[in-house]
Structures are given as C-alpha cells and as structure tokens.
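Okay, thanks for coming, everyone. Let me put the model up and walk you through a few spots in it.

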Amino acid sequence: MKIFSAEQIRRWDQFTISHEPISSIQLMERASMAVASWISENCKAHKKAVLFCGNGNNGGDGLAVARMLYLKGFDVEVLVKDLTGKFSEDASVNLKRLGSISGISVRNFDQVEHDRLDDKTIIIDALFGTGLSRPLADEYKELVDWINKKENIKISIDVPSGLSADSLFDDDSIVLKANYTLSFQCWKRSFLHPETGKFTGRVIILDIGLNQEYYNITETDYWGTDDSFAGSLFKPRNEFAHKGNYGKAIIAGGSYGKMGAAVLATKSVLKTGAGLTFTLAPQCGYEILQTTCPEAMFIEGGEQFISDFNVDKEAFIGIGPGLGKHKDTQKGLLRFLKEHQAPLVLDADALNIISEDPENLQLIPKQSMITPHPKEFERLFGKTENSFKRLELAKEKAKDLSIYIVLKDHHTQVVTPEGNVYYNLTGNAGLAKGGSGDILTGILTSLMAQGYSEKDTCLLGVWLHGKAADFAAEKHSKESMLPTDVIDELGNVFIELNNRAEQSL
C-alpha cells in the first residue's frame with residue numbers, strides 16, 4: 001500500500017470532496033462514524049468517554065465522535081481549549097450540533113473533573129491531526145503531559161497529538177502516548193520509526209472511502225508491505241516442477257564457535273523452498289551441519305573458518321552468518337567479491353569485513369542485497385542523528401551503489417536502487433534475539449535461488465520473516481519464542497499464502 005505525506009493526504013481529502021462529490025462536513029461525518037463504530041465495538045467494558053478536542057478539523061472529528069458515542073450509550077464529556085474561541089468551519093458545525101444534546105457536557109480544559117476519570121473512562125485525543133507543523137507548546141504541552149500521566153486507556157484520532165505525520169520534531173518534544181491510534185485510510189511514516197512509533201500504541205487503519213483514483217495516480221517514494229501486497233508477489237508451486245526448477249542456494253557462513261548461525265540460515269533456506277541447498281562452512285562444522293540439516297549438502301571452505309569462497313557460479317549465494325573476521329576470511333571474501341559479478345545477499349560479518357575500508361563498498365555486485373541492523377549500517381556508511389536521517393542516507397547509498405538495502409528495524413525498511421522505501425508491516429519484538437537476522441539471510445537466499453527478482457525477494461522475504469515471527473509469538477510469546485520457532489512457522493505462512501492464492505483464482 002502507498003504511504004502518503006500529510007500534504008498528500010490533505011489533497012486526497014480535497015480530491016474526494018470535489019470528485020464524489022461530497023461536502024467536507026459529510027466526509028468528516030464518515031470518518032467520525034468509523035472511529036465511533038470501532039470504539040463502540042472494541043471498548044464495551046468502558047462506559048464513559050472524555051474527549052479532548054482542538055479547534056481544527058481533528059477537533060471537529062472528536063466533536064462528531066462525541067455525539068455518536070453518546071447515541072451509542074456512552075456517558076460523554078467534551079473538553080475544549082476555549083468555548084468562545086475560533087474553530088474551523090466544520091468543527092464549528094459539530095460544536096453546534098453538540099449544543100442541541102443536553103446529555104453531553106462541553107467545557108474548557110481547565111474545568112476537567114479529575115475525580116470522574118475512573119478506570120472505566122476512555123480518554124480520546126482529538127487535539128491535533130496531521131496538520132501539526134511544530135512541537136506542542138504552552139497549555140497544550142501541559143495538557144498532554146497531564147494526560148500522559150493518567151492510567152486510562154487513551155485513543156488518538158488520526159495521529160497522537162504532538163506527533164508529526166512525516167518526520168521527527170525535537171527529541172524532547174511532548175507527544176500524547178496513546179494505547180490505540182485510529183488513523184484514516186493509510187499509514188503515516190511516523191508510525192513506523194522507533195523514535196515516533198512508540199507513541200502510537202496499536203495502529204488501526206480505518207477505511208473512510210477516500211477516492212481511489214487519487215490513490216492510483218498519486219506517486220510516492222514510500223510504501224507499506226502488508227499481507228495483501230505480499231500475497232501478490234507470491235508464486236505458487238507448479239505441480240509438475242522438479243528440484244531443478246527451484247534453484248541452487250548456498251549459505252556461506254560459520255566459524256569455530258559460531259556454527260549455529262550457519263545452521264539457522266541453512267534451515268531457513270530449506271524451509272523457504274530452494275530446490276538444492278548447500279552450506280559452505282569450515283571443516284569444524286561438518287558434523288554439526290550434516291546432523292542438524294541433513295537435507296543440505298556440505299562444502300568445505302577451511303578448517304576453523306572459511307578462507308576459500310570458491311562455489312558453483314550457477315548458485316545464488318548468501319554470505320555472512322557466523323562468518324567471523326579472521327584475516328584469512330577477510331582476504332578470501334574480498335578476493336571473491338572482486339571476481340564475482342552476480343547479485344548476492346550480504347549480512348553480518350560479511351558487512352563488518354566490508355566496512356573495514358570504504359573502498360570495499362565498490363566491490364558489492366550491482367543489485368545485491370545487504371541486510372544491516374542499525375549498528376552495522378553505521379559501520380558501513382556513518383552515524384546519523386536518528387532513524388529518519390538513517391533512512392535518507394540509505395536511499396542515497398542504495399542509489400549510488402545500485403543495491404538493495406534491507407535496513408533491519410521494528411518495521412524493517414527495504415530501500416531500492418531507485419530510491420523507493422517499503423516499510424514492512426509484519427514482525428514483533430520477539431525477533432530482538434541473536435539468530436533472527438541469520439534466518440532472514442536464509443529466506444532471501446532461497447527466494448533468489450527460486451527465481452524471484454531482487455526487489456520481490458526483499459519485499460516478500462522480509463514479510464515472510466515477520467509473519468512467521470507473528471505466528472511464533474502467538475504460540476510462544478515474544479519473550480520465549482526462539483529463532484528456531486520462527487523457522488518452524490514458515491510452513492504455516494506458506495499455507496496461508498497458498499490458500500489466499502487459491503481463493504483469488
């Protein structure tokens with residue numbers, strides 16, 4: 001799905017109003033009904049809602065939601081900055097509509113009844129929406145700070161107040177910390193970065209019927225890889241296929257004491273469906289790999305570490321898991337990169353070896369995929385102030401080197417050589433364990449061997465990795481799930497993909 005900026009979303013609203021046609025107040029009513037319906041359906045244990053509404057259209061949404069929740073049986077209280085102040089045109093209409101309902105109390109912020117905020121009360125944030133262009137200040141800053149200290153369930157409409165839709169304000173700026181964010185039509189970039197996404201809680205995207213033509217014709221560099229998008233990339237198996245149709249995959253990794261990483265990567269290659277799987281590893285890992293991965297074939301690359309990277313040129317290669325940085329490994333890898341022209345997957349110690357000298361970056365074959373976590377990215381390309389700046393640098397480097405950068409994070413970003421960014425919408429904190437990245441390397445290597453394009457490999461592979469982790473977390477919890485649990489769930493993800501593919505026929 002496309003991810004639009006705040007300005008693009010504003011134009012989307014206007015396009016919808018002029019092309020349906022529908023008035024702005026009717027569109028606000030539609031959005032507010034979606035919010036009120038979600039709250040009514042999902043907050044049945046709560047009897048009261050206190051809405052903090054600003055003077056703009058986000059406040060107008062809140063005022064309309066207040067009316068609708070009251071009609072659905074909630075005890076409703078509304079707080080505004082100043083009842084006599086100036087409101088936007090549509091917010092004024094909804095404020096007037098509230099005035100005709102005697103059961104709804106509308107007061108100024110400073111008149112909030114503290115003792116009425118019991119554990120059955122929901123706080124609904126409708127202070128500022130996507131139009132906010134600067135950090136909160138003065139009374140709004142104090143109000144949000146006060147709300148954040150409350151233990152009530154907090155629901156933000158569209159975006160948490162104080163949060164930019166597209167970027168990061170000052171590190172010390174005040175933002176309302178929501179339990180849920182009910183946002184309209186598409187994801188916002190700030191929901192997907194660690195510095196800003198921590199304020200959103202669970203994000204629910206509500207479809208409010210904005211015009212599809214605008215979505216189709218409007219260009220953006222930013223996308224979200226959701227279940228539907230990933231499903232469109234998946235290629236079901238041909239019933240008459242044989243192992244030769246699904247390629248040769250080689251994992252080059254492992255060293256003395258780090259064979260587990262090579263095992264995890266090899267297992268994930270196998271579970272993702274490569275036709276033939278090989279592991280290039282040192283002799284010290286022979287028994288380990290043959291015992292744990294009997295379906296894979298062993299290629300010896302050294303004694304205690306890999307020094308010889310001579311492999312079948314017809315195979316697709318993923319290099320890095322548990323590789324180590326022995327000086328002979330470094331020499332062997334750099335020699336291999338100088339001679340090898342086909343795309344690769346490079347991860348972990350392969351990236352750390354390359355980062356030793358900036359000139360080594362030029363050895364990465366065009367269209368290759370590198371999968372750094374933030375620290376590895378920093379070693380390769382330099383330090384940045386925050387994840388937004390890191391992503392901009394990744395876009396620059398992906399273009400310069402003609403490579404795909406899979407920037408691992410809570411919402412991993414795939415950056416293409418053309419400068420497009422795809423945020424992955426699967427995955428969870430259970431992946432914050434050693435070994436998780438090795439699995440991703442195996443998945444990507446396997447998909448490339450099977451004939452997926454580099455771009456589709458990255459997008460589908462990262463989604464598969466996250467989706468399997470979501471299944472594993474459901475069974476084992478984020479705390480207890482292991483990388484091997486993620487590998488075990490890949491089969492269930494493929495079952496889901498195949499079922500969806502059959503249903504679309």
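So, let's start with Gly 419, which counts as buried because its relative accessibility is 2%; buried means under 20% relative accessible area, exposed over 50%, and partly exposed in between, with a 1.4 Å probe and protein chains only. Before I go on, the caveats: this is a predicted model, where local features need pLDDT of at least 70, side-chain atom pairs count only at pLDDT 80 or more, and totals for chains, interfaces and linings use all residues. Residues are numbered from 1 along each chain as its sequence is written, and side-chain values use heavy atoms, with hydrogens and water left out.

Back to our glycine. Gly 419 sits in the loop between strand E16 (413-415) and E17; helices (H or I, at least four residues) and strands (E, at least two) are DSSP runs, numbered from the N terminus. What is Gly 419 in contact with, leaving aside its neighbours within four places in sequence? That would be Asp 221, Lys 395 and Lys 399, where contact means heavy atoms within 4.5 Å. Asp 221 is 198 residues away from Gly 419 along the chain, yet their C-alpha atoms are separated by 6.9 Å.

Now the sheet. Ten strands make up an open sheet with mixed pairing, in the order E8-E17-E16-E15-E14-E13-E12-E9-E10-E11; two strands pair if DSSP finds at least two bridges between them. At the edges you've got E8 (222-225) and E11 (297-300), each with a single partner strand, so one side of each has no neighbour in the sheet. E8 and E17 (residues 421-424) run parallel, joined by four bridges, and Thr 225 stands opposite Asn 424 in E17.

One more residue: Asp 349, in helix H12 (residues 348-354). Buried or exposed? Asp 349 counts as buried, at 12% relative accessibility. Skipping residues up to four places away in sequence, Asp 349 touches Lys 258, Gly 320, Gly 322, Leu 323, Gly 324 and Lys 325.

Zooming out, the protein chain has 17 helices and 17 strands. Its radius of gyration is 26 Å, close to the 23 Å from the globule rule for 505 residues, so the chain is as compact as a globular protein of that length; that's taken over C-alpha atoms, and the rule is 2.2 Å times the number of residues to the power 0.38. The C-alpha trace spans about 80 × 50 × 45 Å along its principal axes. And of the 505 residues, 57% count as buried.
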